[in-house]
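Keep the 3D view open and look up each place as you reach it.

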Amino acid sequence: MSKHLVIIGNGIAGVTTARHVRNRDSEMKVTIISKESGHFFSRPALMYIFMGHMRYQDTKPYEDWFWAKNRIDLINATVQKIDADHKSLLLEDGKTVRYDTLVVATGSKSNTFGWPGQDLPGVQGLYSLQDVELLEANAKNAGRAVIVGGGLIGIELAEMLLSRNIAITILIREDAYWNNILPSDEAELVGRHIEEHGIDLRRATNLKEILAGEDGRVRAVMTEDGEEIPCQIVGLTPGVHPNIDLVQNSGIETNHGVLVNEYLETNLPDVYAAGDCVEIKAAMEGERSRFEQLWYTGKMHGEVLAKTITGERTKYERGIWYNSAKFLDIEYQTYGFVSHQPRPGETSLYWEHPEGRHCARIVYKTDSHEVVGFSFFGIRYRHRVCERWLREKRTVEYVLENLGEGNFDPEFFKQYESEIVSKFNLQNPGANLKLKRRKGLFRRLFA
Amino acid sequence: MSPIQIQKPSVLHRHKDFTVLRRSGLGLFLLGMLVLIGSLGMSDYRITNASLQASEGKISTERIQLLQPLVGQHYTSKFAALEAIEANLRNDAAINDYELGVAKFWLLKNAATGVLRGNTVLLFLLSIVLATIGGLLYILPQSREGLPGIKNNGIWFNSTMARGLIGILLGGLLIAFYIFLYWYPYYIVNLIILADPMSEFIRNLPADQWFFYGLLYTLTIIVMGVRMFVKYRHSRYHLVRTASVIFFQFGFAFMIPSLLERMNCPSMDFKNAWPLNYSFFMDWNLNTLLSSGNLGVFMLVWGIVLALVVVPVMTYFYGKRWYCSWVCGCGGLAETLGDPFRQLSDKSLKAWRIERIMIHSVLVFAVVMTTMQIVNFVSNGSLFGNYTWRVNQWYSFFVGAAFAGVVGTGFYPLMGNRVWCRFGCPLAAILGIVQKFKSRFRITTNGGQCISCGNCSTYCEMGIDVRWYAQRGQNIIRASCVGCGVCAAVCPRGVLALENGPEEGRYREVENEL
């Protein structure tokens, strides 16, 4: 009889595991269990449902027939208990599901820090489909929202509420937006853009408590400075943490997340974990364990895990870091490592457009001039080209001269590469770099 | 402790608010449309010797004679007038339905009298011009509201754009308009009369339904093109592309043919390539061109060069977009008037299957018809004879009018803005085959940045599931892609780019490094 693979969670990690297992093994029985939604949808697209850009069905990357056709069984239920000894799961309706191989891909949960009033009606996080439904209810008759936490989810929530003409205040702990990740030039650029949208961005401001009105709903927030900000919605978005509720007391080892090794194996045989919920143990003494809570890492976990499950035990290696996001109207892409604070031995070239909606940073080693990271705001760059430059350890001079090769903006868009090169020449007396490669229509035509 | 009032104003107050101006614009637009529809009842009809004479050249003298008994008759209802005209024309047993329709149209149009005839210019200003101004007033202030960038907020909550009641009514109105335009133009002669002064000014000819339609079509592309300029003001690809479709519609589809008519030359839309231009090889057109001296020969040669050389060569270099979303008239309307409806196209695999069957069937139909036309022309009608004429009739009815017109535009608010281009256009089918097998065009996917959100697929007017490719890191090369560039524009992670490049490796799973 063919083996039964059961995956808990139908997010990107669980679904990628299932799809790739099916690609590699047409025999294995594959089941995905999720309570959140009947079918796989794109979590980063949740904001667009609320904004009216897409309907829920538009966020599903595969049509509903896809699962039956590929013999991936879907169960829409909550798993109540993992019985690892008997390799079986207990569902909410009392049914049990037997497995031969188990993948835990339960995702994450919104962080809260025990603020007084954080459970009041009108206070919420943003992570799941249910959160969007809740926001829909909370947004009715709301005049102002206060968002606590200025990360990527916070800015998405702000954009969502902005689309409904709800006034917004964002409280951030740092002195500039996302300054624990972005260098201050970029953090300030984004901060200005946020304010340009009419959002009230409160820097270095901490939440003290959330106040209830007579109706029992949120009425206002109180900051640590003693300021009371009236509002009808409070969005708590200070990040997420692995969702390990189900796994605790099941015999599967956990810390902050489900503990796995580099093969995404847990302490129990035939039990694996992938995606947001994992904590990858340090490979070497002195290193820290890793959390990877990104869309693409979830996808990569799934791809690697599918190999292991189908008999080709494979180590998870993320490769060169990259990421992207969008802050209201400004797109952001980063490749390699750009530290939020200058690191010793590194120099960075920063160029910003006078209009303040485009900028680029190239970080390189001061001695060898080897490039270690890029970040771009308002300009699109090619992933594979940047990655190749990093892998080949190209110097900043080489990269700058060939910068046009990496441009990924649409045709006819204004190109800023020559300005970036000029900035370098200005900063480095004696340097006289010339942009050799422009991204040009005519070059394309006859290439 | 008293609550501290928030002084910082919200976005609504920070940015300029043009709500009043925009609402007035919408009001003026609707008023103009109301006058336009109202004009249908603004005439009565008096058949006189002069009105009959005015129809000479459109109808034979013998048939005009048949109307003599009606001279002096006055009708307040167009239906009564048409009934009387038809009854008299039927005395000629040889008259066919087509000729009957043409005769009814001109006889009724020339018999119209009353408020409309007396105030044509004024009513033209109060209807079409007012609607144009209203439309622009509604659209232009948006460029000062908010910041540039993709703003698709609320589209799926909007009754017009999300197939709600207004959308369905709008679709019904468009469908009704096309049915009258193609098959019952004599019921809407009053609309056509509104275009008379403009037609006389440009062409030195009275307006027929096609001039009226061309005028309306061009104005629509201009006004909704301005909307594109505003909506995509951050995206130069769309600014240039929209300028291009306006230029080709205004210059090539509207002005040049009108001026040719003014000069009594054979008329031609020089960008309208066979087989979209399905009447090019019809015997009457070939005869006209061959009997019109050097200009006629030039038109004949150009029409053939356009279809056989320009279309494939340009498509090799730039993909199908050079035509479908930069030049074509149908594409021009779809990319302007149709833009608010692009999300309504069906993205399912099933729709893709139906699309391939339908569009290639129409292509086969068009090729068979054209072959018959040419063989018949060369053999002087000895080979297929009357069958050619009948096949032409079928094609004109089912494909030319019903599909391209009624369904093509009438279904914008129901099935998206590219129904004709996707399921029916035989030229798109040819361009698609070139694009798929021999072209430098592709949409490149940018590495691993895709988050599978689905904006690209949702806003693909051709119903391509762009996300399917993007999330696999695969280039998108689909026969149907018209290169509108909206998938790349709506992508929140900078994953997609329209590119021309070396053919080699175009289909690679992993994206190209150009």
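Chain B of this predicted model has a mean pLDDT of 94, and 96% of its residues reach 70 or more; pLDDT is the predictor's confidence in each residue, from 0 to 100. Over residues 1-13 of chain B the pLDDT is below 50, and this stretch has 18 contacts beyond near neighbours in sequence. Two residues are in contact if their C-beta atoms, placed from the backbone, lie within 7 Å. Residues 510-514 of chain B also stay under 50 in pLDDT, with 17 contacts beyond four places in sequence. For the complex, the predictor gives an ipTM of 0.96 and a pTM of 0.95.

**How to read the names and values**
- Residues are numbered from 1 along each chain as its sequence is written, while chains are lettered from A and ligands numbered from 1 in the order in which they are written.
- Because this is a predicted model, local features need pLDDT of at least 70 and side-chain atom pairs count only at pLDDT 80 or more, whereas totals for chains, interfaces and linings use all residues.
- Helices (H or I, at least four residues) and strands (E, at least two) are DSSP runs, numbered from the N terminus.

**Where the chains meet**
- Chain A brings 48 residues to the contact and chain B brings 51 residues.
- On the side of chain A that touches chain B, the elements supplying at least two residues each include β21 (322-327), β22 (330-336) and α7 (295-309).
- That side of chain A has 21 nonpolar, 11 polar and 16 charged residues; Ala, Val, Leu, Ile, Met, Phe, Trp, Tyr, Cys and Pro count as nonpolar, Asp, Glu, Lys and Arg as charged, and the others, Gly among them, as polar.

**A hairpin in chain A**
- β21(A) and β22(A) pair in the antiparallel sense over six bridges, where pairing takes at least two bridges found by DSSP between two strands.
- In this pair, Tyr322(A) stands opposite Tyr335(A) in β22(A).
- The hairpin has two residues between its strands, and Leu328(A) takes a positive phi near 55°.
- Five of the six residues of β21(A) are buried; a residue is buried if 20 or more other C-beta atoms lie within 10 Å of its own, exposed if 12 or fewer, and partly exposed in between, with C-beta atoms placed from the backbone.

**An enclosed strand in chain B**
- Why is strand β4 (residues 441-445) of chain B largely enclosed by the rest of the structure? Five of its five residues are buried, so the rest of the structure largely encloses β4(B).
- Phe441(B), Ile443(B) and Thr445(B) point one way from β4(B), and Arg442(B) and Thr444(B) point the other way.
- Five bridges pair β4(B) with strand β5 (residues 496-500) of chain B in the antiparallel sense, and Ile443(B) stands opposite Leu498(B) in β5(B).

- Ser143(B) lies in the loop between α8 (120-139) and α9 (165-183) of chain B.
- Ser143(B) is partly exposed, with 14 other C-beta atoms within 10 Å.
- Leaving aside neighbours within four places in sequence, Ser143(B) is in contact with Val230(B) and Arg233(B).
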